[in-house]
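The following report describes the architecture of a protein model, from overall dimensions to individual residues. Please consult the sequence and structure shown here alongside the text.

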Amino acid sequence: MSQAQLSNLLLNGLWDTLYMTVPSTLLAYLIGMPLGILFVVTSEGHILPKPRLNAGLGVVINFLRSIPFIILLAMLIPVTRIVMGSGIGTRSLIFPLFISAFPFVARMVEGSLNEVDRGVVEAAESMGSSTWQIIFKVMLPEALPSLINGAAIVTVTILGYTAMASAAGGGGLGSIAITKGLNVRKMDVMYAASITLVALVQIITISGNRANKKLDHRKR
Amino acid sequence: MTQQPLIAITELSKVYNTGDDEVVALDCISLNVYKGEIYGVIGMSGAGKSTLIRCINRLDKPTSGCILYRGRDIITMEKKELQRLRRKVSMIFQQFNLLMQRTVAENVRYPLEIVGIKRAEANQRVEELLGIVGLEDKANAYPAQLSGGQRQRVAIARALASDPEVLLSDEATSALDPMTTQSILSLLKDINRRLGITIILITHEMAVIRQICDRVTILDGGEIAEEGTVDEVFMHTKSEAGRRLFGAAPQTPDDEPSGPAIRLVFDGSSVDRPIIAGIVKELGIMINILSADMKQIGGKTYGQMLIRSPQSEESKRALQVYLDGEKIPYKEVNIK
């Protein structure tokens, strides 16, 4: 394989990887973020205690979180076919990726919001804030640096899941490393694809850390 | 005081359920707070004072009883009405509880933002408020860059932003060093006098009560041990809890002296003079000091001293005449 062919292959792979990762991450946040917020505010002693709803949410989130992605991927194929029009392929993978990621997002958001000092939330209550104001003007802005860190971790995790895409006929860098590298003994292709994937992970992690540092005013 | 109380608390109780156990935090508390006063609640930790003050803006919900604010029951208020009340009854905390991702100015602007006051108008008000607490130059700093005293000043400015009638102070000086405590207390007193804001403060430090409060309640085990003006309670302490707090009757171990003693009270009205030296020199009575808890505030002496009663009746009488002449209140006590 020529240099040009290889870089073309990698570029396509990179595109496919991003094509799967970005929409599924965004969708996962669209659902997972409100769930995480709801999970925190309905917990005991918080601003909107609802013990039953909270317990229910906990069970659902934990259940979905405990299914390994590769199993979930297989289990979901019939549903994916209905939702995405096809059970397999790069585009169709967005759905199972999203399903596996949103409970993870909910957990990450929960963790970040729980880091916000209860005293600060209490102070906001004592000033006559509404529930919405406490969520949007206090909890989310106070947790922002941690939420960004969480988003980097979530993205990297989903990126990792996309490497299993080949199991459901999807593309991307992981798929290239396995099907066009490892399986046909083209080690250079496998390493090149893997290194590109690693570089992508590094870029996301480092950007997350930088943004966290820049946005966090808790340290002098 | 015949006027209507601003806050009337009647038979307030709070019971916490911790599994099988029931913990009574407040047991049938009744008290009135009047407009314009600084009302202190003092007690050891666990006495229920924090629960009491948190019931007033309903951060804690009492089990029974009633709290009237200008005749309206706080306990039964709906959410919206409670939010309006909380803007009139604001609060400061021991740990300041500032928004760490907002600047000083943005913190003070928060209460104005949530009621939808226009940005320009709010900014002007923020500037005024920072002026009141003396932090104009820190408007763009983040709380993490400030000292404890400065953070509490920001919290006070923020609490004043909603133009409250009452300020609840939950151990606001307990995390501060003595010097900073003094400056925060003067600020609170200033706010009370200049802006006419009623202050209810809780503390475990007698000095705080002595320095700025008009009236005081001593809480002990969730009950009111005694209540009255600060002078009254301080000089004629009736309750065991009060004596413990004032350090007037020290816990005497077995090997310590017991028997008749005289308690001298320094309430700040006597000028700073060497009283003990005077007794020794002028009366020729050898004084044995058993315990003392004294403090100099603004050139005046506050505190109590316990001295051994002179043996002879004659000396005792001479001492009484001397103390009367110096206008030092005293009381004969028997320590066990």
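## Chain B overall

Of the 336 residues in chain B, 54% are buried, where buried means under 20% relative accessible area, exposed over 50% and partly exposed in between (1.4 Å probe, protein chains only). This is a predicted model, in which local features need pLDDT of at least 70 and side-chain atom pairs count only at pLDDT 80 or more, while totals for chains, interfaces and linings use all residues. Residues are numbered from 1 along each chain as its sequence is written, chains are lettered from A and ligands numbered from 1 in the order in which they are written, and side-chain values use heavy atoms, with hydrogens and water left out.

Along the principal axes, the C-alpha atoms of chain B fill a box of roughly 75 × 50 × 40 Å. Chain B has 11 helices and 14 strands; helices (H or I, at least four residues) and strands (E, at least two) are DSSP runs, numbered from the N terminus. Contact means heavy atoms within 4.5 Å. Among contacts in chain B between residues at least 6 apart in sequence, 69% join residues at least 24 apart.

## The six-stranded sheet of chain B

An open sheet of mixed pairing is formed by six strands of chain B in the order 6-7-8-3-9-10; two strands pair if DSSP finds at least two bridges between them. Strand 6 (89-93) and strand 10 (223-229) of chain B are the edge strands, each pairing on one side only. From one strand to the next, the twist averages 15°.

Strand 3 (residues 38-42) and strand 9 (residues 215-220) of chain B pair in the parallel sense over four bridges, with Val216(B) in strand 9 as the bridge partner of Gly40(B). Strand 9 of chain B is also joined to strand 10 of chain B, by six bridges in the antiparallel sense, and here Val216(B) stands opposite Gly228(B). Strands 9 and 10 of chain B form a hairpin with two residues between them, and Gly221(B) in the turn has a positive phi of about 55°.

## Helices across the sheet

Helix 5 (residues 148-160) of chain B lies across strand 6 and strand 7 (166-170) of chain B and runs at about 170° to strand 6. Axes are lines fitted to C-alpha atoms, for helices over the stretch in contact, and angles run from 0 to 180 degrees between N-to-C directions. Helix 6 (residues 178-195) of chain B lies across strands 3, 6, 7 and 8 (198-203) of chain B, at about 155° to strand 8.

## Helix packing in chain A

Helix 1 (residues 3-41) and helix 6 (residues 131-162) of chain A pack at an angle of about 140°, with their axes 10 Å apart. Helix 1 of chain A is therefore oblique to helix 6 of chain A; angles under 35 degrees count as roughly parallel, over 145 as roughly antiparallel, 65 to 115 as roughly perpendicular and the rest as oblique. The crossing of these two helices of chain A is right-handed, that is, the near helix is turned clockwise from the far one by less than a right angle, anticlockwise being left-handed. Among the residues that meet are Tyr29(A) and Met33(A) in helix 1 of chain A, and Leu147(A) and Val154(A) in helix 6 of chain A.

The axes of helix 2 (residues 51-65) and helix 4 (residues 94-114) of chain A come within 8 Å and cross at roughly 125°. This makes helix 2 of chain A oblique to helix 4 of chain A, and the crossing is left-handed. The residues that meet include Ile61(A) and Arg65(A) in helix 2 of chain A, and Phe102(A) and Arg107(A) in helix 4 of chain A.

## An enclosed helix between the chains

Helix 5 (residues 118-126) of chain A is largely enclosed by the rest of the structure, because eight of its nine residues are buried. Glu122(A) and Glu125(A) are among the buried residues of helix 5 of chain A. The buried residues of this helix pack against helix 6 of chain A together with helix 1 (49-56), helix 2 (79-88), strand 6, helix 3 (104-113) and helix 5 of chain B.

Ser13(B) is found in strand 1 (residues 7-18) of chain B and, at 13% relative accessibility, counts as buried. Leaving aside neighbours within four places in sequence, Ser13(B) is in contact with Leu26(B), Asp27(B), Cys28(B), Pro62(B), Thr63(B) and Ser64(B).

Arg273(B) is found in the loop between strand 11 (259-267) and helix 10 (275-283) of chain B. At 44% relative accessibility, Arg273(B) counts as partly exposed. Although 53 residues apart along the chain, Arg273(B) and Glu326(B) have C-alpha atoms separated by 9.3 Å.
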